[in-house]
Amino acid sequence: MWPIERLRQAERRAAPPEPRAPETHASLDPLRQAAAKEQEHACSVPRGGGWRPGARWAREDQLGKVALPPVTRQPAKHEIGRRDEAAANPFRAVPSDEGGRSRFLPGLARGGEPSRSDGGGAAAVRGNPPRPSTTAYGGGSPPRDKLGEELPPLVTSIRNGNRIVIAAACPVAQMQGLGPGMAIAQARAQVTGLDIRPADPEGDRAHLASLAVALARRWTPTVAIESDDTLFLDLTGVAHLYGGEAAMAARLRRMLARLGYTARIAIADTPGAAWALAHYPRSGLEGDGFLVCLPGTQIEAVAKLPIEALRIDAAAVELLHRLGVKRIVQLAAMPRAPLVRRFGAEIATRLEQALGRLPEPVHPVTTPEPIAIIQRFAEPIATAEAITHWLGTLVPRLTAALEAKGLGASRIEFVADRVDGVPQRIRIGLARPNRDGAHLLRLLLRRIEQVEPGYGIDALTLHVRRALPLGPEPFTERLDEEAAPDLATLVDTLATRIGLGAMWRNHPVESDVPERSVACMAVLDPPERAGQRLRADHVGQLDRNPALHPWHPEWPKPARLLRRPERLDHVVAELPDHAPRRFTWRGQSHRVVRADGPERIHGEWWKRAAEAHHVRDYFRVEDDVGRRYWLFRKGDGERPMTGDLSWYLHGIFG
Amino acid sequence: METKDFRRRPSLPFGIAALDSRLADNGLRLDALHEVAAASGDMAEDCAATLFLAGIAARAWGPILWVVRRRDLFAPGLSQAGLDHKRLIYAEARDDAELLAVMEEGLRHRGLGAVIGEVKRADMTASRRLQLAAEGGRTIALLMRRHAREGMDPLAAPSAAVTRWRVGCAPSTPLPVAGVGRARWQVALVRQKGGESFEMQVEACDATGRCALPANVADRKAAAGGAARRAA
């Protein structure tokens, strides 16, 4: 459920804003009513008769009309009997052989036997014997998109060895009998219109971890990630802030519902009991989605639950089932020593932990603390020299803090709090994570004139707005060549002056159209991306020749290219493929003495349909004083559709 | 045994004996400012100066910073002058003052092989700043002076540059068949520190950024020119 709801949430976020209902609807309504009135009296049989039993129109297209018979014509009994929904499947639900539990009939699956539903659970632990609570997902109606249409059943797929199986299934899919572990092929055969997405377990875990951090910041300081879909929250001393445990659970559940997640929450004295109650809910939990087990009552609360609720491994569960031990109460009544001898210490430990006789420590997530270095002053400072001096002491403290965490700053904000409450901010960005104090200080000092001290500054703060891990990096250990200089510091320095957008690098693009053959990219991007490696049996392996460079180094290219080709006047040229004898560009006449060409370049019809027939014939010409230009003519000189034979100057050779 | 000088070559020779022998440092000093201007305001001569700079930068070491005012450089053309697109970083400045400041930052970084800038106006102070920034490093500073106004010589303004060049187009090498041969430039060293000015015609940069002497000039001085051509 966590992965499924995460997918849905991402979709909602990515979805375009809801389109406004067209205004025309209201104006069309009278027309529509009139049309409906007309239709009422029409016969369902097409005009002109020709009715015969079993005609196609009677079977398919007209079924809707038959279902709502016009008042003028009562359908015959046999006709009413014929239109019917598909007969109920006469077969009983059979547990799938994939190991999944049969969920053909949701009422059964959720009713009698408490079944493990794969919902995300948050277990809140409270009190000195910790008290657990869990959250689980309820069934509810199928999700709908913004237009109110039901979404198709959604499952995620993951590769498990040789098989591609379902990793998670939405409630609608579960109702149709799909479950985790089922082969995708089988699921596709079983349910039409199934929406299958690749599973992203890493992303799910990361998202759950971010939720845990958010909960730890906002709700309770101790939040532990128990499994891929369960969190433990320690409510000790926190619940009263939210009006009690029940109120807190309800609020937490509402908050998660707003985010798009269905949660099952159980609150108990021990984490084990809370986990059990959240994952194996009794009937009380289904209503409002949370369950509060009163202090000291967790033994009774979990007694009736199946032994799977103790988080013990499946083999032990299987063996205990064979021995007739189904419920926790049965397990609790057994003597511990034989149990430990037979199954190891795990079962006994889990049992005692759930019942509160053994402690169960949880490992809370640590919330990352933003780095901020603050210097307050008793007397306000106002001069650039003073700010420079204090920056000189703040930056080493910042780099020490960064180094202690193994981070490098990539965005830093310097805030000078003025006496009159107008903060002065300097933001610097770094191309690569960096904690070199001298470099940071240089970047900050360069912008210091942007600080307006006003009546004085009473505090200076350096905030790390964005930091990335920065560890030791390998360098090329070669004696015969020098290490490549690090350009990141240069990029930072220039970016503070002209901005990152004003710096670029070029890289070749495979296109013969000159203006498309060059693309810009960020300065610090790796200049050359490794080409796609061909498979061993790929036909491309037969080509032993090195790949052609997209820029064709042998064909002369101009040093500068005009942003858009400029039209030439008074061009004298022979058709179809001769270079011009003379032309006029920017008011200056040129007499051509030498020329090379044409180099014919066709339009890239696969990029724009409009240039399907375009042709440019490029010529390299030299005039009588040795100036060399790159001209082209639109059209090949034979077919008018290729161009209008106008001449342009596109580039200049040196 | 001047091994130190050999390892850290202080100057960048052209590889043409007839040209290098007339330069004070037997080449372009690496830690200095050099200025290049087109022979006229025409775009073609401007491009000749551009490629002349590109060839010098191509023979320098390491990454190159090219500070421009307009984005009209065509990377395939520069790569045919030996300046690979992987080595080249572009920066666009809004005005001449910003361009000179960016150039200075690049020179002070010491991790660049060459810094090229295109300005219309740079006074003595600006060129002196660039020269000071370049000193002590291995980054060659190349300033391209554009024609601000028709009929004004951009090299007339005083400057602290070590060498000042004027590059213009010349008719290309004649071919026995129809077509455009290898381009030629009329290169003039207008001023240099510790040397005489001169003027000569060279063939444009090849794919490694090296110029060459035209064949007729080379043949005339068989001893000097021919050796230089083979070395190139």
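**Helices, sheet and chain contact**

Me: What makes up the meeting of α18(A) with α19(A)?
Reply: In α18(A), A:T388, A:L391, A:G392, A:V395, A:P396 and A:T399 meet A:G437, A:L440, A:L441, A:L444 and A:L445 in α19(A). To be in contact, two residues need their C-beta atoms, placed from the backbone, within 7 Å. Helices (H or I, at least four residues) and strands (E, at least two) are DSSP runs numbered from the N terminus.

Me: And what can I trust, and how are things labelled?
Reply: This is a predicted model, where local features need pLDDT of at least 70 and side-chain atom pairs pLDDT 80 or more, while totals for chains, interfaces and linings use all residues. Residues count from 1 along each chain as its sequence is written, with chains lettered from A and ligands numbered from 1 in the order written.

Me: Why is α18(A) called oblique to α19(A)?
Reply: Their axes cross at roughly 140° and come within 9 Å. Angles under 35 degrees count as roughly parallel, over 145 as roughly antiparallel, 65 to 115 as roughly perpendicular, and the rest as oblique. That value falls in "the rest", so α18(A) is oblique to α19(A). The axes are lines fitted to C-alpha atoms over the stretch in contact, with angles from 0 to 180 degrees between N-to-C directions.

Me: How do you know how α20(A) and α5(B) are oriented to each other?
Reply: α20(A) and α5(B) (residues 96–109 of chain B) pack at about 165°, axes 10 Å apart. With 165° over the 145 cut-off, they're therefore roughly antiparallel. α20(A) passes α5(B) in a right-handed crossing. Among the residues meeting here are A:L490 and A:L494 in α20(A), and B:A101 and B:V102 in α5(B).

Me: How many residues does each chain give to the contact?
Reply: Chain A gives 45 and chain B gives 43. Elements giving two or more residues on chain A's side include α20 (488–498), β13 (503–508) and β18 (588–602). That side divides into 24 nonpolar, eight polar and 13 charged residues.

Me: What makes β13(A) and β5(B) a pair?
Reply: Pairing takes at least two bridges found by DSSP. Two bridges join β13(A) to β5(B) (residues 88–92), running antiparallel, so the count meets the cut-off and they pair. A:M503 stands opposite B:A91 there.

Me: Which strands of chain A's open sheet are called edges, and why?
Reply: Seven strands run in the order β15-β21-β20-β19-β18-β17-β16, with antiparallel pairing. β15 and β16 (569–573) are the edges: each pairs on one side only. Inside the sheet, eight bridges join β18(A) to β19(A), and A:V592 stands opposite A:D623. Helix α3 (residues 43–59) of chain B packs on the sheet, touching β15, β20 and β21 of chain A.

Me: Is A:D644 buried or exposed, and how do you know?
Reply: Buried needs 20 or more other C-beta atoms within 10 Å of its own, exposed 12 or fewer, and partly exposed lies in between. A:D644 has 9, so it's exposed. A:D644 sits in the loop between β20 and β21 of chain A. Leaving aside neighbours within four places in sequence, A:D644 is in contact with A:K634 and A:G635.

Note on methods
Nonpolar A, V, L, I, M, F, W, Y, C, P; charged D, E, K, R; others polar. Left-handed = near helix turned anticlockwise from the far one by under 90°.
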